Amino acid sequence: MIPDAVIEEIRDRVDVVAVIGRHMELKRSGRTWKGCCVFHGERTPSFHVYPEDKHFKCYGCGAHGDVFGFLQRLEGKEFPEVVRDLAREVGIEIPEAEEESAEQKRRRLERKEILAANDAAARYWAARLGSRFGAIGREYLDGRGVTEESVGKFRVGVAADEWNDVPRRLADKGIGIPALVKAGLVIEKEKGGVYDRFRNRLMFPIAAMDGQIIGFGGRALGEEKGAKYINTPETPAYKKSKVLYGLDLARETIRKTRQAVLVEGYFDVIGLHQAGVSNAVAVCGTALTPEHVELLTRCDCREVTVLFDGDAAGLAAPAKAAEALFPAGMAGKVAVLPADAGKIDPDDFARAHGKAGLDGLLARALPLSSFLIDRAVERACGATPRDAPLEHKLAAVRELRSFVRMMPEGLARSVFEDAIAKKLDLDLAALREELSAERPRGGGPAPRRPASVAGPAPGPVQAERRPGPRAHKLLLPGPAADALALLAVFPSLGEAAAELNLAETLPPGPLAELAQALTRGELPAEEALARLEAVADDVTVGRARSQPPEHAERELRKSLLKAKIDRIAGQLVAIGRDTVKAGTAAAAGRAEEYQRLDRMRRDLERRLKDIVGRG
């Protein structure tokens, strides 16, 4: 943990206007500086920087905080990392914290070692591509329509067709074999020694949101045996379920448009960016995950358009994306490339039709829910679903059931159910009864999962705990829901939940009463879990169940602090909005209330940073 005194010294020394001014244009306005907010698209400046007390506030979207919070939100870094970066900038040495355990220090240094190895490898491979040794790679890139500008922007390189090239070349840069092994750049032999993982391949650096290279993707150039594409294995720095290729370059456009375009490969991202669609990102050899959606949410993304080709694998992608988008409440769309002239990839389409063609294709994208309904109904009922036999309609309903259950309870799910009923000409009430029906426990067949959705069907234990037809899940996903779920799974956390007043973060009624009963330890474990699963979504419950016991209290405290911060932030935005409507006279009357809430928020944020820093 970084001492508070050091954090305050860094905050005092940093020129908040200069730091924020690197990322947006600021103009002096009296005692403040203002500009157009980088966190949401706007034409009239509503973002203000206050140099006297070193904080910022956007009166358009409600974003606010100090210089650390600004960089955390903008670059997607954790608080300690932002503090260390600014400390180096202003020449402050951060002492080794007594509270930092040997394991925490080891992990921090290991990550630093991996990032250094990746950076050195990327620089070497990029230089090699530009040399006489990169002629074949440059020829291939030229054939794919990749410009020199894009090669530099995406830091593309080429790996030698040798077994021991990287250790030899990077030794001069001070990168040893242990670091190369940890970074996944070389593979250890059973009888000792190492060999290069990437040989005779175009190399695509994969960066975190802050631009630091955490891994690589390699595309084969020769005809030798092996996979066409290989990626860095899972390392302490690289987790494929937590990184999106191109996000470091797309994040600013995503913030401004609040939209992202999801494609499948490196060339697709490069091709779309080259054509002017600079909010394109790609998954790295996996389906879209909740962690990916969280990354996009941190960029203030509100809508994801899935753009894949029209083959079987491409058409399966939207269903997989729904598993991550629906529970998170993120809007989704689907744009399918035309298959008239055979299989075509997004980068092929971008080269052939340019930005105008892409804009038209994206403008015609269907809502993800409509796409899934149309596909399921077409497969089960053909071209005239309203006239199809009842058995065919029920087959379509069974295929859509799991998608309905992914939707949070409320308006979104109701609209989805209504669309299914209209498409199949079914009574809405009867459809809802069918969709919420429990899985049969014997005799009859279990409802089919969608063919395109990976993963095992729920086992009988989960099925028995699923709420019946008239159950209503009242708890929407969020930090308060996470805290309640953790308390139900780990009843010993009652004292921590009482200290932070869990019940206060929940709506009055059954949810708050459940929190109070759990806090007082009045419910047996089985009953606590049963009542939780009756009101919370499966993702929230599953996340709590998978939490290691040694981390449970820390995560509960983090969730409760986040819930309180979110609630106060909403109150502050409401006061600001009401003040703007009522005028200057009302502002004076509510200034004290605003300041009180803002102090509370800052205190909670400091406590949260302290917990995260110790994490």
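Analyst: Helices here are DSSP runs of H or I with at least four residues, strands are runs of E with at least two, and both are numbered from the N terminus. This is a predicted model, in which local features need pLDDT of at least 70 and side-chain atom pairs count only at pLDDT 80 or more, while totals for chains, interfaces and linings use all residues. Residues are numbered from 1 along each chain as its sequence is written, and side-chain values use heavy atoms, with hydrogens and water left out.

By that assignment the chain has 26 helices and 16 strands. Of its 615 residues, 47% are buried; buried means under 20% relative accessible area, exposed means over 50%, and partly exposed is in between (1.4 Å probe, protein chains only). A contact is a pair of heavy atoms within 4.5 Å. Among contacts between residues at least 6 apart in sequence, 67% join residues at least 24 apart.

Start with α11, which covers residues 266-275 and has 9 of its 10 residues buried. The buried ones are Y266, F267, D268, V269, I270, G271, L272, H273 and A275. After α11 comes G276, with a positive phi near 105°.

Part of the cover on α11 can be traced to a neighbouring helix. Two packed helices are described by the angle between their axes and the distance between the axes. Here the axes are lines fitted to C-alpha atoms, for helices over the stretch in contact, and the angles run from 0 to 180 degrees between N-to-C directions. For α11 and α14 (residues 346-363), the angle is about 25° and the axes are 9 Å apart. The two helices are therefore roughly parallel, on a scale where under 35 degrees is roughly parallel, over 145 roughly antiparallel, 65 to 115 roughly perpendicular and the rest oblique. On the α11 side the contact uses F267, D268, G271, L272 and A275, and on the α14 side P346, D347, A350, G354, K355 and L358. By class, this contact has 6 nonpolar, 2 polar and 3 charged residues. Ala, Val, Leu, Ile, Met, Phe, Trp, Tyr, Cys and Pro count as nonpolar, Asp, Glu, Lys and Arg as charged, and the others, Gly among them, as polar.

Another packed pair is α15 (residues 368-381) and α16 (residues 390-406), whose axes come within 8 Å and cross at roughly 150°. That angle means that α15 and α16 are roughly antiparallel, and their crossing is right-handed. From α15, the residues in contact are L372, I373, A376, V377, R379, A380 and C381; they meet H392, K393, A395, A396, E399, L400 and F403 of α16. The class count for α15 with α16 is 10 nonpolar, 1 polar and 3 charged residues.

Helix α3 (residues 67-75) is largely enclosed by the rest of the structure, because 7 of its 9 residues are buried. Those residues are V67, F68, G69, F70, L71, L74 and E75. At the start of α3, a side-chain oxygen of D66 comes within 3.2 Å of the backbone nitrogen of F68. Just after the helix, G76 has a positive phi of about 70°.

Two single positions within helices follow. D598 is in α26 (residues 584-614) and is buried, at 14% relative accessibility. The side chain of D598 makes a polar contact of 2.4 Å with the side chain of R601. A polar contact is a pair of N or O atoms within 3.5 Å; within protein, one must be able to donate a hydrogen and the other to accept it, and residues adjacent in sequence count only if both atoms are side-chain atoms. G542 is in α24 (residues 538-545) and is partly exposed, with a relative accessible area of 35%. C-alpha to C-alpha, G542 is 9.0 Å from A485, although the two are 57 residues apart in sequence.

Last, the loops. Most residues other than glycine have a negative phi. N501 has a positive phi of about 55° and is not a glycine. N501 lies in the loop between α21 (494-499) and α22 (510-519), and is partly exposed at 35% relative accessibility. N200, also not a glycine, has a positive phi of about 50°. The loop that holds N200 runs between β8 (194-196) and β9 (201-207), and N200 is buried, with a relative accessible area of 17%.

Conventions: Left-handed = near helix turned anticlockwise from the far one by under 90°.
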